Amino acid sequence: MNLTKQQRRLAAKAGVILALIVGGVYAGFPVFWMAASSFKSNSEIFAYPPKIITKNFSFGAYSTILTDPVKVRFFTNSYVVSLSVCFLTLLVAILAAYAFSRFEFRFKKIINVIIVSVQAVPPITLLIPFFGLMVALHLYNTYAALILTYMVFTLPYAIIMMTGYFNTLPKELDEAVKLDGGSSLTALWRVLVPISVPGIVSVGIYTFMLSWNEYLFALTLTRTDDMRTVPIGIQLLMGQHSYMWNEMMAMSILGSVPVLLLFLFFQRYFIGGLTAGSVKG
């Protein structure tokens, strides 16, 4: 049976739609199950056969988390660390990227190679050296330990991305500012930064996500509950004899909200920033 060109297009379109639906269900069902479980009692989660939607809908797990000062502190710590890393990374990356994009200086290529090489190092290999360094500097179990450590891993990517973005902006913009009596920093903060919002937002979201979700260094470089972050707080719900699955699911949902909101509000900037730095116009 011979199909017309239009029929083949419709079949191809239907196949793509079907594949997207299957992929969406495959990716979304675990999140849906996590959300549904957060509204169940801990005993109901183990019911057999399992029930996807509970009849005894309850906010008990959320209430337990949000009224517990220790668990609320986990979220506070994550916000303090993630926002601090995001701000400091962007500040340093913007200045460094501007220098790499606009100026020629000694050892520029060597420094570039070092920045790229840092990304090739598996973070777990640096765990013990960072632990020893933070203890020696008396920063163990502090915000500074987490912030400085996370910046080691966020800065290389941020500098590379921002350098690529600045490379797409014509140097005539800088020259115009200098002709009006402005300095290089004036050109950077008054002209380049405002038109680089997509690149800055994409780097900021990546930095915030990495800091918010990081587990290994947060576990190693903190000791007390008042310094733990959300990923560690979720792990602490796994007791020796019982797991508080409903609270784990609820905390996971609450921990996903900040990143979800970032994507919802800054999606167009995020996508634009990722693509703009990949080519030089």
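**Entry 1**

I began with F107, which sits in the loop between α4 and α5 (108–119), where helices are DSSP runs of H or I with at least four residues, numbered from the N terminus. The model I am reading is a predicted one, in which local features need pLDDT of at least 70 and side-chain atom pairs count only at pLDDT 80 or more, while totals for chains, interfaces and linings use all residues. Residues are numbered from 1 along each chain as its sequence is written, and side-chain values use heavy atoms, with hydrogens and water left out.

I looked up the backbone of F107 and found a positive phi of about 65°, although F107 is not a glycine. Most residues other than glycine have a negative phi. F107 counts as partly exposed because its relative accessibility is 49%; buried means under 20% relative accessible area, exposed over 50%, and partly exposed in between, with a 1.4 Å probe and protein chains only.

H138 is found in the loop between α6 and α7, and with a relative accessible area of 70% it is exposed.

**Entry 1: two residues of α6**

I then checked I128, which lies in helix α6 and is exposed, at a relative accessible area of 68%. From C-alpha to C-alpha, I128 and E44 are 41 Å apart in space and 84 residues apart in sequence.

V135 also has its place in helix α6, and at 38% relative accessibility I count V135 as partly exposed.

Is S101 buried or exposed? S101 counts as buried, because its relative accessibility is 7%. S101 lies in helix α4 (residues 69–102), and, not counting residues up to four places away in sequence, it touches T163, F166, N167 and K171, contact meaning heavy atoms within 4.5 Å.

I followed the contact to F166, which touches I94, A97, Y98, S101, R102, L188, L192 and S196, again not counting residues up to four places away in sequence. F166 is also one of the residues with the most contacts inside the largest nonpolar core, which has 39 residues; such a core is a set of buried Ala, Val, Leu, Ile, Met, Phe, Trp, Tyr and Cys residues joined through side-chain atoms within 4.5 Å. The elements that give two or more residues to this core are α4, α6 (127–136), α7 (143–167), α9, α10 (197–213) and α11 (216–220). Which element gives the most to this core? I found that α7 does, with 13 residues. Another core, of 18 residues, lies apart from this one and has M34, A61, I65 and I234 among its members.

**Entry 2: W33**

I located W33 in helix α1 (residues 5–37), where it is partly exposed, with a relative accessible area of 27%. Leaving aside neighbours within four places in sequence, W33 is in contact with K40, P50, K51 and I52. W33 and K51 are 18 residues apart in sequence, and their C-alpha atoms are 9.9 Å apart in space.

**Entry 3: two helix pairs**

I compared helix α8 (residues 172–179) with helix α9 (residues 184–192), which pack at an angle of about 120° with their axes 9 Å apart; axes are lines fitted to C-alpha atoms, for helices over the stretch in contact, and angles run from 0 to 180 degrees between N-to-C directions. α8 and α9 are therefore oblique to each other, given that angles under 35 degrees count as roughly parallel, over 145 as roughly antiparallel, 65 to 115 as roughly perpendicular and the rest as oblique. The contact is made by L173, D174, V177 and K178 of α8 and by S184, T186, A187, V191 and L192 of α9.

For α5 and α7 I read an angle of about 125°, with the axes 9 Å apart, and that makes α5 oblique to α7. In this pair the contact is made by I115, V116, V118 and Q119 of α5 and V152, P156, Y157, I159 and I160 of α7.
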